[in-house]
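User: Could you walk me through this structure? I'd like to go through some local details, one topic after another.

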Amino acid sequence: MRIDLHTHSNASDGTDTPAELVAAAAAAGLDVVAITDHDTTAGWDEARAAAPPGLRVLPGAELSTVSPDGRGGSATVHLLAYAFDPKAPAVVREQARLRAERRTRLRIMFDRMVADGLPITEAEVFGGPDSDASLGRPHLARALVRAGVVGSVREAFERYLHTGGPYYLRRHDTPVRRAIAMIADAGGVTVLAHPLAHRGGELITTEVIVELTGAGLTGIEVDHADQDEPTRGRLRSLAADLGLVVTGGSDYHGTNKRIPIGANTTSPASLEALLGAAGRRPDGTFAGPDRANVPSAQERSG
Ligand code: AMP
Ligand code: FE
Ligand code: FE
Ligand code: ZN
């Protein structure tokens, strides 16, 4: 069984449509693929409808959250959320707020870039085929590539878009504990995404991970391209100490990143433990209005 629990479609900042994403997953020999777009569930239906026989699509999302960093400051933390009710009012409201925030923030960054003479157009960034998408910096990066200003998305980040860079702007992300509780209330589970990926530079301490586990976190993403083997080893032993489920995923973004789908995977036992924590059907779908057998966040964290 090959299971990739972290991928993006053009419902957020990937370049594949959800249908292309599941086709790529099948072509890579995956048995299970989770679609985890940033702050949206808009790709779920298309992905599920397009899944070929033998490929299971696990519905998910990657939530933008803000956490204490454990050193008196704060850090951006990504939470992978799976198998939650996408219609839960709190989820709908918060994801809509974040997507609006993403759009406003990208608009300000776009205006500043244009004011500085960068030859990108509004239509490219806001009016393309994925204009309803959950927008992020990769949408600006691609416009810079198309304009010939940079040779790659990676170069766009290095020169213009990196955190703390000349055009970088913060967002008002969801407080991480609130996000964990919101997903638990919607019947789902949360996994701390790439906790020690050094790229952003702002990392949370182990003490914070312990606290988030107490707040209901179910798993931690260990096998991720931005975490090297020694880092993964540290995270694996932390997961064992805290009873967190170990996951892995490619963080596939189509041509916006170089990582192929299926490059990192999750064990079947981990997937079972994850879904078990949510009291889900085996295919990961929402079990319905009767939540009597879904443990509360508190029971789960014990
Ligand atoms: P945002 O959510 O708008 O702050 O943008 C963050 C997104 O940019 C991440 O989800 C990645 O997909 C992408 N990203 C961040 N750093 C890089 C990089 N160096 N190269 C390519 N993509 C990146
Ligand atoms: Fe992304
Ligand atoms: Fe992420
Ligand atoms: Zn991701």
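**Salt bridges, a metal site and a helix**

Analyst: Arg97 forms a salt bridge with Glu101, and their closest N and O atoms are 3.6 Å apart. Please keep in mind throughout that this is a predicted model.

User: Where do Arg97 and Glu101 lie?

Analyst: Both belong to helix H3 (residues 89-115), where Arg97 and Glu101 are 4 residues apart, about one turn of the helix. As a general point, an α-helix has 3.6 residues a turn, so residues three or four places apart point the same way.

User: And is Glu101 buried or exposed?

Analyst: Glu101 is buried, with a relative accessible area of 17%, whereas Arg97 is partly exposed, with a relative accessible area of 31%.

User: How many salt bridges does a search of the whole structure find?

Analyst: The search finds 13 salt bridges. Among them is the one in which the side chains of Arg159 and Glu155 meet, at 2.9 Å from N to O. Arg159 and Glu155 are separated by about one helical turn, because they are 4 residues apart in helix H6 (residues 153-161). Arg159 counts as partly exposed at 41% relative accessibility, and Glu155 is partly exposed as well, with a relative accessible area of 25%.

User: Which residue does Arg232 meet in a salt bridge?

Analyst: The side chain of Arg232 meets that of Asp223, at 3.2 Å from N to O, and both Arg232 and Asp223 are buried. Salt bridges that share partners join Asp223, Glu229, Arg232 and Arg236 into one network.

User: Let's turn to helix H9. What span should H9 have, and what are its end C-alpha atoms telling us?

Analyst: Helix H9 covers residues 229-242, and at 1.5 Å a residue its 14 residues should span 20 Å; the end C-alpha atoms are 20 Å apart, which agrees with that expectation.

User: Which residues of H9 are buried?

Analyst: In H9 the buried residues are Thr231, Arg232, Leu235, Leu238 and Ala239. Seen down the axis of H9, these buried residues fall within an arc of 125°, so they line one face of the helix. They pack against helix H8 (206-214), strand S7 (219-223) and strand S8 (245-248).

User: What about the face of H9 turned away from the buried side?

Analyst: That face carries the exposed residues Pro230, Arg234, Ala240 and Asp241. Just after H9 comes Gly243, which takes a positive phi of about 70°.

User: What separates the iron ion (ligand 2) from the iron ion (ligand 3)?

Analyst: The iron ion (ligand 2) and the iron ion (ligand 3) are separated by 5.7 Å.

Terms used: Residues numbered from 1 in each chain as written. Chains lettered and ligands numbered in written order. Predicted model: local features only at pLDDT ≥ 70, side-chain atom pairs only at ≥ 80, totals over all residues. Heavy atoms only, no water. Helix = DSSP H or I, 4+ residues; strand = E, 2+ residues; numbered from the N terminus. Expected span 1.5 Å × (residues − 1). Buried < 20%, exposed > 50% of the residue type's maximum accessible area, 1.4 Å probe, protein only. Arc of directions from axis to C-beta. Contact = heavy atoms within 4.5 Å. Donors = N, O, S within 2.8 Å, 3.2 Å for Na, K, Ca; no water. Salt bridge = Lys/Arg side-chain N within 4 Å of Asp/Glu carboxyl O.
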